[in-house]
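Hi,

Here is the structure I said I would pass on.

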Amino acid sequence: MKPTRLRPGDVIGVVAPSAPGPARFPHRLERGVAFLESQGYNVTVAPHVYGQYGHVSGTPEERAEDIIEMFRAQEVRAIIAAIGGDHSCHLLPLLDWAVIRQNPKVFMGFSDVTVLNLAIHHETGLITFNGPMIMSDLGEFPKPPGYTVDHMARAIARPEPIGAIAPSTDWTEEFLDWGQKLDLTRPREFRASPGWTWLKEGRAHGPLAGGCFESLQHLRGTPFWPDLDGAILFLETSEEAPSPAWVDAALQDLENMGVFGRIAGLLYGRPLGYTAEQRDELRSVLLERTRRYSFPIVTDMDFGHTAPQMTLPIGAQAEVDTRERRFAVVEAAVI
């Protein structure tokens, strides 16, 4: 099931399904909203977005209600998360899947929003989007990276296949403290990108599925675990920078679950906060854990906790060809 594409003048709803980021750093949300408005969209903010209930933005019931009301509201054409966190899992028993199924629309975020992206797709068939969020990406000073904005538009505003995606020519992992509002003093410093690493040869075709690796762990053993048969699985790690040793164990968990025997390909995002030595170790771990399988692997890609980032539609068909150095989304994600 595909949502209707986003057009200028459409209303975008903002939700905060986990961390109370807007309450702590309201200027980031305001900048992200202002950017969307500058692009011709109208923005409405859910009632509990600016809330704070301990380490989350509201009770589970309040946060779930915000999401369902955004799906129910006929004037809202897309829903974008303000920021991630670690507690979207609270909402899974409370979401009304029938409302979502009856009101398909763009739903986008990454990090902890992985839990919702995958659960919504699993329960309703709706294509969801692993892509930029209001605070972390669209609230950048003086404006979001062009690569991020262009790839978001290609995914959610154009009713045609995204097509081949090229690596960004530059990237950054610099953090300018939001609490001290250092992020308002200057743009982050970008460095030249060496491109993606075509780690293991092969070709693959299948639906995209995945997101933040740590967040994916919340779905293991639940009814919301994604169907990975024939999928191109994409994974990346968060700002907490779990070590290559953690990734090694988590990959083994996937193999023990039979995942590697079912997927068609593996994409891995550029890890945030890794040294060059850790990046090398990560590539070695990926090769070691998948040595029994022939699917292609591409690493250091521009999605997830990196800037800039592409937008990946969960459920849309994609292709990988390492000999041609080609990654493409070959199915339109919106109608």
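Below is what I found, going from the whole protein down to single residues.

Before anything else, keep in mind that this is a predicted model.

**The overall picture**

The protein has 10 helices and 16 strands. Its radius of gyration is 18 Å, close to the 20 Å that the globule rule gives for 335 residues, so it is as compact as a globular protein of that length. If you draw a box around the C-alpha atoms along the principal axes, you get roughly 50 × 45 × 40 Å.

Of the 335 residues, 58% are buried. Among contacts with a separation of 6 or more, 78% are between residues 24 or more positions apart. The exposed surface comes to about 12,900 Å², with carbon and sulfur atoms supplying 49% of it. As for charge, I get 31 positive and 43 negative side chains, and the centres of the two sets lie 5 Å apart.

**The sheet**

This is the part I would look at on screen. Eight strands make an open sheet with mixed pairing, in the order E6-E16-E15-E10-E11-E12-E13-E9. E6 (163–164) and E9 stand at the edges with a single partner strand each, so one side of each is left without a neighbour in the sheet.

At the E6 end, the partner is E16 (residues 326–329), and the two pair antiparallel over 2 bridges. Glycine 163 has valine 329 in E16 as its bridge partner.

At the other end, E13 (residues 297–301) is mostly covered, with 5 of its 5 residues buried. E13 runs antiparallel to E9 (residues 197–200), and 3 bridges join them; tryptophan 198 has valine 298 in E13 as its bridge partner. With E12 (residues 265–269), E13 pairs in the parallel sense, also over 3 bridges, and there leucine 266 is partnered by isoleucine 297. In general, side chains in a regular strand alternate between the two faces of the sheet.

Where are the cis peptide bonds I noted? One joins phenylalanine 141 and proline 142, with omega about -5°. Proline 142 is in the loop between helices H6 (134–138) and H7 (146–156). Another joins alanine 307 and proline 308, with omega about 0°, and proline 308 is in the loop between E13 and strand E14 (312–314).

There are also positive phi values in residues other than glycine. Lysine 181 has phi near 60° and is placed in the loop between strand E7 (170–171) and E8. Its relative accessibility is 45%, so lysine 181 counts as partly exposed. Alanine 241 has a phi of about 50° and lies in the loop between E11 and helix H9 (244–256). With a relative accessible area of 25%, alanine 241 is partly exposed.

Arginine 191 is in strand E8 (residues 191–192) and is partly exposed, at 45% relative accessible area. Leaving out residues up to four places away in sequence, arginine 191 touches Thr169, Asp170, Trp171 and Glu173. Threonine 169 is 22 residues from arginine 191 in sequence, and their C-alpha atoms are 8.6 Å apart.

Is aspartate 227 buried or exposed? Aspartate 227 is exposed, because its relative accessible area of 59% is over the 50% cut-off. You will find aspartate 227 in the loop between helix H8 (213–216) and strand E11 (232–236). Its C-alpha is 32 Å from that of glutamate 75, which is 152 residues away along the chain.

Cheers

Notes:
Residues are numbered from 1 along each chain as its sequence is written. This is a predicted model: local features need pLDDT of at least 70, side-chain atom pairs count only at pLDDT 80 or more; totals for chains, interfaces and linings use all residues. Side-chain values use heavy atoms; hydrogens and water are left out. Helices (H or I, at least four residues) and strands (E, at least two) are DSSP runs, numbered from the N terminus. The radius of gyration is taken over C-alpha atoms; the globule rule is 2.2 Å times the number of residues to the power 0.38. Buried means under 20% relative accessible area, exposed over 50%, partly exposed in between (1.4 Å probe, protein chains only). Contact means heavy atoms within 4.5 Å. Accessible areas come from the Shrake-Rupley method with a 1.4 Å probe; for residues, only the protein chains shown count as cover. Lys and Arg count as positive and Asp and Glu as negative; His and the chain ends are not counted. The place of a charge is taken as NZ of Lys, CZ of Arg, CG of Asp or CD of Glu. Two strands pair if DSSP finds at least two bridges between them.
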